[in-house]
Amino acid sequence: MLFDQILQYCLSGLSTGAIYGLIGVGFSIIFNATGIINFAQGEFVMLGGMLTLLFLETLALPLWAAIPCAIAASMVAGLLFERLAIRPLRQPTPINLVIITIGGSILIRGLAMLAWGKDTHALPPFSGNDPISILGATILPQHIWILVVTVFIVAVNRFYFYHTISGKAMRACAYNRRAAGLVGIDVRRMVLFSFVISSALGSIAGLIVAPLTMTSYDVGIMLGLKGFCAAIIGGMSSGIATVIGGLLLGILESLGAGLISSGYKDAIAFIILLLILVIRPQGLFGKAESERV
Amino acid sequence: MLRLKNINTCYGKVQALKNISLHLAEGEIVTLIGANGAGKTTILNTISGVTPAAAGEVVFSKQQVASFPPDQIVKLGISQVPEGRQVFKPLSVEDNLELGAYLRYRSREGKSAIHADLERMYTLFPRLKERRKQLAGTMSGGEQQMLAIGRALMAKPKLLLLDEPSMGLAPLVVQEIFRVLNQLRSESGVTILLVEQNAKAALKLADRGYVLETGKVILEGSANELMENAEVKRAYLGKDKKEIWER
């Protein structure tokens, strides 16, 4: 009986954890390209869900068309965000940039509230709602969607960063921006690109989780912070380490909520965040000087 | 080919270059010598667009390039091998070389041409071929220097800016680096602007030289002239000039 329960908690933790991981990868990509923590990352997660809803219900597109439209629209939002809020900054010190991203996040959230109101909305699941039972635990098809999409994105990510010239250039920027400029890489373009990729990842995370957890104008705050937590556990790696960080966080959270009390669910994430920052600030898997790509 | 006219460059309120004028003809090797803080590196960074000049002209192939960003400068055919090598340590040797050809990939130049150049780098620096899959940061200083030079050459520059290629390297390795530079000159006729602390080796290789002191050119001439100049001997060629020290 207990085993069933634990398995159940782990499975549902795994899928929320995958979401945290994806959001965390978005954080890391921008951090590595620019050295800033983009606190507006959570808002792109919100946009993913809300824009899908917009295309689905207001514009009456089928789901398979609404999803790519929502991702594309979020990417445009990410592009505008970099162009209008990040790039014009005269003195781009990290602290200024971080404050800007916080301001940006409040703005985006406010606009979303004006546009869609304060209600929570549900997105239909991608392929039905019939539970699937595994060893006595049950999961929904949407959980499987989440895991499959996450694995797919991790693979695409890996391919991009290690096997394309553009991805290698982005890693070069992450390591040494000046030297990257000296080989002819347009660093500002890479920064712009990192915002576009991150907003795409954020919105994908937001729209695959929306059928399970509902979405509203303010889901970005908590999801963003959890994603940030995953990125910290993963040592700001834009690869598998952050996804594992997210999965770990998701499972611990779900076990904690199930076995202790659901009231502690969010607290667990932040206790882990603080522990990691105090004990292993380089991340769970990082060496003291880890490869941040 | 390249001409700097009355260049002034500042770091904040500190003026690092004061009315620098110099020129390079096609196929020449020109060296800049001078003590620490004389402004040698700043000259290269001004040409590369890393620290743009506050005033003055940089003319390359009859084009004003003083306000160009670094990537545009590379596109025009000026590549810099920066001080301290600055290879991309977490990336493999081959990735580093490929990134040297980044703009050629972007301009949809055929992969075969880039690949041929990669092989050319491997013949120039056989050591890099052995280590092509290794992370650049795990190599020795000399190997990283070779990689930095190879990376810059992958852009097919018309003008190569070299900043202290011998810094912190063992004498044998320095010899090897200078041998390669010599070979480059005879094989590909690339124009080189070389900044060096090792004035002796630099003057041996170069056609002409400029001597800098606190941001100003105080002396210029052919390498032979400079090598024979008493002041240069005393200040930069060092203690083996007994006749000067023990006068």
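Tutor: The centres of domain 1 and domain 2 of chain B, taken over C-alpha atoms, are separated by 24 Å. Domain 1 of chain B consists of 2-77 + 158-245, and domain 2 of 87-156; such bounds come from an automatic or database domain assignment. Across the boundary, 10 residues of domain 1 of chain B are in contact with eight residues of domain 2 of chain B, where contact means that the C-beta atoms of two residues, placed from the backbone, lie within 7 Å. On the side of domain 1 of chain B that touches domain 2 of chain B, helix H2 (70-76) and helix H8 (171-188) of chain B each supply at least two residues. H8(B) gives the most to that side, with three residues. The residues of that side of domain 1 of chain B divide into eight nonpolar, one polar and one charged. In this division, Ala, Val, Leu, Ile, Met, Phe, Trp, Tyr, Cys and Pro count as nonpolar, Asp, Glu, Lys and Arg as charged, and the others, Gly among them, as polar.

This is a predicted model, in which local features need pLDDT of at least 70, side-chain atom pairs count only at pLDDT 80 or more, and totals for chains, interfaces and linings use all residues. Residues are numbered from 1 along each chain as its sequence is written, while chains are lettered from A and ligands numbered from 1 in the order in which they are written.

For chain B the mean pLDDT (the predictor's confidence in each residue, from 0 to 100) is 90, and 96% of its residues reach 70 or more. Confidence in chain B is lowest in helix H12 (residues 242-245), at a mean of 56, and highest in helix H3 (residues 93-100), at 96. Where pLDDT is low, the predicted coordinates should not be read in detail. The model scores ipTM 0.88 and pTM 0.87.

As a whole, chain B has 12 helices and 10 strands; helices (H or I, at least four residues) and strands (E, at least two) are DSSP runs, numbered from the N terminus. Its C-alpha trace spans about 60 × 40 × 35 Å along the principal axes. The radius of gyration of chain B is 18 Å, which agrees with the value near 18 Å for a compact globule of 247 residues; this radius is taken over C-alpha atoms, and the globule rule is 2.2 Å times the number of residues to the power 0.38. Of the 247 residues of chain B, 45% count as buried. A residue is buried if 20 or more other C-beta atoms lie within 10 Å of its own, exposed if 12 or fewer, and partly exposed in between, with C-beta atoms placed from the backbone. Among the contacts in chain B with a separation of 6 or more, 65% are between residues 24 or more positions apart.

Chain B also meets chain A: 17 residues of chain A are in contact with 22 residues of chain B. Helix H6 (165-175) and helix H7 (177-182) of chain A each supply at least two residues of the side of chain A that touches chain B. H6(A) gives the most to that side, with six residues. The residues of that side of chain A divide into nine nonpolar, three polar and five charged.
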